[in-house]
Amino acid sequence: MKLRRIALALACAGPLASAAPVPGSISDSAIQDAGYPRTLSEFGFFTGQGVTAPSDQLIGYSLRTPLFSDYAEKQRFIYVPASARISADANGALDFPVGSALIKTFGYGEGAAFRPIETRVLLRRASGWEALPYVWKPDMSDAELKLAGTRLPVTVPRASGRAQPISYAVPNKNQCKECHARSGAVVPIGPVAANMALTGKAAASLRSRTDWKGPVSLGSAPVWNDAGTGSLDARARAYLAINCAHCHNPQGSASNSGLFLNAGAAGDPVATGLYKRPVAAGRGSGGHDFAIAPGDPDRSIMVHRMSSTEPGIAMPEVGRSLVHDEGVALIREWISSLPAK
Amino acid sequence: MKRKFAAAIALMACVASTPLVARDIAVAAGPGAQERLQEALIVAQPGDVVKLGEGRFALTDGLSLDIAGVTVKGAGPDKSVLSFAGQLAAGEGLLVTSDNVVLRDFAVEDSKGDAIKSKGADNIVYHNIRVEWTGGPKETNGAYGIYPVESENVLVDSVLVIGASDAGIYVGQSRNIVVRNSIARFNVAGIEIENSFNADVHDNVATKNTGGILVFDLPNLPQQGGHNVRVFDNIVAENDTPNFAPKGNIVASVPSGTGIMVMANRDIEIFDNVFDGNGSSNIMVIGYRQKYDDAKYQPSVRNVRISDNAHGKTGFAPQFAGGEMLAAAFGGSVPPIIWDGVGGAEASIVSSDDVPVLNLGLSRSDQPIETAQPALAKLTGDAAPRLPKIAMPEAMEAAIK
């Protein structure tokens with residue numbers, strides 16, 4: 001009988017092994033157990049109204065070069081269970097223990113004016129990572145699970161001063177995976193030490209909670225739009241690595257394209273797009289011959305697809321309904337600078 | 001023994017928390033179809049059938065399925081219609097990324113990108129599906145209709161694809177493939193097997209496309225070295241739609257009026273097909289002609305056996321460079337079979353069809369066509385090995401019985 005109970009606990013570790021949630025703190029069972037909590041409040045990541053009071057168990061960070069998402073502001077947090085430790089490989093990519101969560105809130109407005117739209121959570125369960133999208137109620141009292149995603153009318157403030165109305169797409173659970181999949185399994189993308197920006201207390205917290213396998217280089221990666229942080233080439237590649245390489249790598253959703261924009265592809269110039277002809281691009285090719293025609297952004301498929309909002313042409317395929325004008329400008333400048341063969 | 005028993009009970013206890021019998025999850029057309037259908041595709045469990053009701057599902061975003069062993073079944077290709085005319089995002093209408101999925105008895109219309117893509121989805125079955133761009137052949141249509149890629153065991157049976165601006169049925173970078181009993185009309189390429197191994201393409205009708213059936217291999221891709229493809233018992237006729245593919249894509253170089261084109265592949269059999277009314281040529285066997293940088297790539301064609309095909313009127317309106325001159329030189333029409341000649345006798349290109357063969361006499365696949373030395377040729381010699389029939393796992397065949 002005892003044996004049976006142990007076997008049960010082992011085989012069904014999730015649901016049976018969990019502890020009851022403690023009010024006022026983060027719920028480890030909501031993170032680790034099977035099933036999908038219907039509301040964000042069940043996790044206890046935020047106390048009080050909206051997202052203004054994150055739990056002090058969270059480590060906040062931002063990214064030096066982030067993924068563009070319709071000019072949304074993003075608030076990012078890491079949660080690691082009290083007794084557990086993060087490990088970081090020699091490249092500074094963080095590996096989170098079971099029970100961890102990555103919490104990312106999308107919204108518009110800076111500082112106190114920030115208004116959340118949705119919060120996406122990545123939950124590290126024994127079975128692997130689970131990605132779930134939560135949409136905030138208009139009164140900011142809570143956010144509700146939207147497994148199938150949704151669309152919301154949102155007005156995006158632009159640098160030009162004019163506000164732009166869009167149909168904001170909250171991704172469905174599968175679309176989370178489209179970007180976060182490596183060989184079919186969900187993995188985090190952003191938390192790589194070099195690309196993370198943390199304030200003093202958060203940096204200290206992350207350092208102390210992490211077992212570093214290599215030299216710690218927190219915050220050393222180029223900032224895509226800050227020329228003081230790296231060469232044009234380095235900044236453009238950093239931009240492509242973050243915005244494209246989650247799909248465009250040999251284990252990603254775009255593996256069949258043969259266009260690989262992760263750092264590891266640099267040894268094969270064609271794979272990075274240089275004089276690479278389109279495969280399965282359809283009308284995404286825009287009548288151009290190459291992903292990158294060095295020296296000629298106007299004849300480069302990459303620029304054509306980044307400059308479009310039309311499904312079937314636009315890249316990335318999900319996650320934006322606006323063109324990232326500044327990102328396109330960076331890539332144009334970079335392609336212009338590349339020597340033609 | 002006792003331990004084994006306990007483990008078995010434990011396993012049963014876990015299984016019991018999920019449904020033991022496959023469920024039908026019915027989804028009706030109508031308001032909110034996007035979220036209702038997508039949610040069904042997310043909450044489905046292995047073995048479940050997501051049943052599409054009759055009617056038109058007006059969708060605004062791509063749909064996706066990532067659960068293994070799920071069947072998506074409609075009420076028929078003219079009754080359950082997934083319409084993407086109002087699509088706002090995503091690269092395809094329906095994306096499948098899980099194994100052992102069966103898609104059947106519904107239609108996908110007017111998707112902005114590809115219609116149905118399955119990627120890394122082994123044992124995928126497409127059956128009795130219609131994919132259509134309803135405005136006819138247009139450059140603004142989506143690229144591929146039925147698009148399995150990076151998969152093992154692909155069965156496409158009884159589908160109809162109309163209007164793809166690239167390929168109607170496109171199988172890429174896959175292994176063990178059957179495409180049969182299907183119709184491709186008014187696409188740039190009717191049926192295309194690309195960078196794939198072991199395929200049977202048979203009992204299909206490819207008509208009114210730019211090119212009927214293509215067997216291609218391209219450089220700079222994770223899987224290349226296409227081989228072992230049999231194309232037989234197909235009707236390949238009147239592929240006379242002007243090429244409407246966006247420039248840059250490889251199919252944009254396919255001349256209108258092409259029946260079957262084999263490019264940069266090896267070990268190919270083309271037999272028992274019926275050709276008629278293809279203005280450029282019935283069968284073209286050529287190497288990859290564009291510049292490339294890929295030491296692993298083999299650009300020329302080797303080991304092709306052509307036999308027992310019926311050749312109707314052909315070559316009367318060649319749409320490739322120098323075609324008119326060739327037609328004039330060879331009695332008013334281009335011969336039904338054209339080979340670029342690369343590799344000479346060692347390439348082992350063999351035809352026993354009772355029609356003339358034109359050998360372009362090229363020594364390299366990328367040699368300028370102006371320097372060709374075209375001549376009629378007898379392609380006899382050692383026939384390429386007879387390739388075995390491609391068989392699907394029994395469960396896949398059973399799924400469409």
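Select B:Val131 to begin; this residue sits in strand 10 of chain B, which covers residues 124-132. The model on your screen is predicted.

**Stop 1: around B:Val131**

Is B:Val131 buried or exposed? Its relative accessibility is 0%, so B:Val131 counts as buried. Now show what touches B:Val131. Setting aside neighbours within four places in sequence, its contacts include B:Val108, B:Ala115 and B:Ile116. B:Gly145 and B:Ile146 are also in contact with B:Val131. Next, pick B:Tyr144, which is 13 residues from B:Val131 along the chain. The C-alpha atoms of the two are separated by 9.5 Å.

**Stop 2: two asparagines in chain B**

Stay in chain B and select B:Asn123. B:Asn123 is in the loop between strand 9 (114-119) and strand 10. Look at its backbone: phi is near 55°, a positive value in a residue other than glycine. Most residues other than glycine have a negative phi.

Move on to B:Asn176, in strand 15 (residues 175-180) of chain B. B:Asn176 is not a glycine, yet its phi is positive, about 60°. Its relative accessible area is 16%, and buried means under 20%, so B:Asn176 is buried.

**Stop 3: chain A as a whole**

Zoom out and select chain A. How many helices and strands does chain A have? There are eight helices and 14 strands. The C-alpha atoms fill a box of roughly 70 × 45 × 40 Å along the principal axes. For 341 residues, a compact globule would have a radius of gyration near 20 Å; chain A has 21 Å, which agrees. Of the 341 residues in chain A, 54% are buried.

Chain A carries 35 positive and 27 negative side chains. The centres of the two sets lie 5 Å apart. Then show the surface. Chain A exposes about 14500 Å², with 55% of it supplied by carbon and sulfur atoms.

**Stop 4: helix 6**

Select residues 232-243 of chain A, which form helix 6. From first C-alpha to last, this 12-residue helix reaches 16 Å, close to the 16 Å expected at 1.5 Å a residue. Which residues of helix 6 are buried? They are A:Leu232, A:Arg235, A:Ala236, A:Ala238, A:Tyr239, A:Leu240, A:Ile242 and A:Asn243. An α-helix has 3.6 residues a turn, so residues three or four places apart point the same way. The buried residues of helix 6 pack against helix 7 (301-306) and helix 8 (325-337) of chain A.

**Stop 5: two glutamines in chain A**

Follow the chain into the loop between helix 6 and helix 7, where you find A:Gln251. A:Gln251 counts as partly exposed because its relative accessibility is 41%. Beyond neighbours within four places in sequence, A:Gln251 is in contact with A:Ala181, A:Arg182 and A:Ser183. Now pick A:Ser307, which is 56 residues from A:Gln251 in sequence. Their C-alpha atoms are 26 Å apart.

Next, select A:Gln175 in helix 4 (residues 173-180) of chain A. A:Gln175 counts as buried because its relative accessibility is 11%. Neighbours within four places aside, A:Gln175 is in contact with A:Val170, A:Val318 and a residue of chain B, B:Gly62.

**Last stop: a cis peptide bond**

Finish at A:Pro316, in the loop between helix 7 and helix 8 of chain A. Inspect the peptide bond from A:Met315 to A:Pro316. This bond is cis, with omega near -10°. Most peptide bonds are trans.

Key. Residues numbered from 1 in each chain as written. Chains lettered and ligands numbered in written order. Predicted model: local features only at pLDDT ≥ 70, side-chain atom pairs only at ≥ 80, totals over all residues. Heavy atoms only, no water. Helix = DSSP H or I, 4+ residues; strand = E, 2+ residues; numbered from the N terminus. Rg over C-alpha atoms; globule rule 2.2 N^0.38 Å. Buried < 20%, exposed > 50% of the residue type's maximum accessible area, 1.4 Å probe, protein only. Areas by Shrake-Rupley, 256 points an atom, 1.4 Å probe, with all protein chains shown as cover. Lys, Arg positive; Asp, Glu negative; His and termini not counted. Charge placed at Lys NZ, Arg CZ, Asp CG, Glu CD. Expected span 1.5 Å × (residues − 1). Contact = heavy atoms within 4.5 Å.
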